[in-house]
Amino acid sequence: MEKRKFNVMDVLGEQLAGVADTMREIPVANIRDNPRNFYPQPDPAALNALADSIRANGLLEPPTVVPAGDGTYRLISGHSRMAAIKALRETETPDQWATVLCRVLPPMSEGQEQAAVIEANRQRVKSNALLADEAERLTEAYIKRRESGEELPGRIRDHVAAVLQVNATKLANLAVIKKGLKVPGMVRKWEAGDIPEAVALEIARMDIEEQYRLLDWTIESESHYYSIRDVKMFHTIWTILA
């Protein structure tokens, strides 16, 4: 599927339609991280590579911000770029990076801002666990926007699926996994991408005791893995013995 550039107006609906954004030089000290940004930060190697690129080529894609009051701004997109710039300021001449050219959007509601942060990360490579987090947060954002009186025709689930570019069935499965997967060790494996979606869905439908016994079973045996075959086999054994 062809990726496209971030366009916040796609998800903010008619409330901001026709409102032009502006470009503005903003002091780095006045640009804040957004508490609604739940995406993982780049590791040190990736951050260093980004800093090297900015040093060599400049900041080719301006960060996107919204006013936060008192002359400060919250990031919508560009958290990694700003982290790299702040690292450059610490190791090189601070005055060179005293200000950054930013795309400034008009103030948004809480729900609009959360939706915009997610839209800004559309092109990120995501695990299923991160996609599940996006779906949950975006659903909450759309509910808040509708409760505040914004017109959002159709089903919220369809809006979420369109923004995340996945079908409604996958979103429903991810919601079941996020809610039903209870054992911390399994949750960590799911978040790391070590448990396939179909397997995680099978596990999420088990009660917590069965999930813990499945964890023990996979740890104690070198021949059992988080495969659909092994998980279904364990469930059959557990059901007979229970």
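Ala, Val, Leu, Ile, Met, Phe, Trp, Tyr, Cys and Pro count as nonpolar here, Asp, Glu, Lys and Arg as charged, and the others, Gly among them, as polar. The model is predicted, with local features needing pLDDT of at least 70 and side-chain atom pairs pLDDT 80 or more, while totals for chains, interfaces and linings use all residues. Residues are numbered from 1 along each chain as its sequence is written, and side-chain values use heavy atoms, with hydrogens and water left out.

**Exercise 1. Describe the lining of the largest pocket.**

Start with the term: on a 1 Å grid over the protein atoms alone, a pocket is an open set of points where a 1.4 Å probe fits, with protein on both sides within 12 Å along at least five of seven lines; lining residues have an atom within 4 Å of a point.

- The volume is about 650 Å³, taken as the space filled by probe spheres set on the points, which are joined across faces, edges and corners.
- Of the 22 lining residues, E61, S77, G78, R81 and A120 are the closest to the centre.
- β4 (72–77) and α3 (79–91) are the elements that give two or more residues, and α3 gives the most, with 3.
- By class, the lining divides into 7 nonpolar, 9 polar and 6 charged residues.

**Exercise 2. Work out the strand order of the sheet.**

Helices (H or I, at least four residues) and strands (E, at least two) are DSSP runs, numbered from the N terminus. Two strands pair if DSSP finds at least two bridges between them.

- The 5 strands run β1-β5-β3-β4-β2 in an open sheet with mixed pairing.
- β1 (22–27) and β2 (31–32) stand at the edges with a single partner each, so one side of each lacks a neighbour in the sheet.
- β3 (residues 64–69) pairs with β4 in the antiparallel sense over 5 bridges; Y73 in β4 is the bridge partner of P67.

**Exercise 3. Is α9 enclosed or open, and what packs against its buried residues?**

Buried means under 20% relative accessible area, exposed over 50% and partly exposed in between (1.4 Å probe, protein chains only).

- In α9, 6 of the 8 residues are buried, so this helix is largely enclosed by the rest of the structure.
- Those buried residues are E197, V199, A200, L201, I203 and A204.
- They pack against α5, α7, α8, α10 and α11.
- One of them, I203, is in contact (heavy atoms within 4.5 Å) with L214.

Note on methods:
Lists of a residue's contacts leave out its neighbours within four places in sequence.
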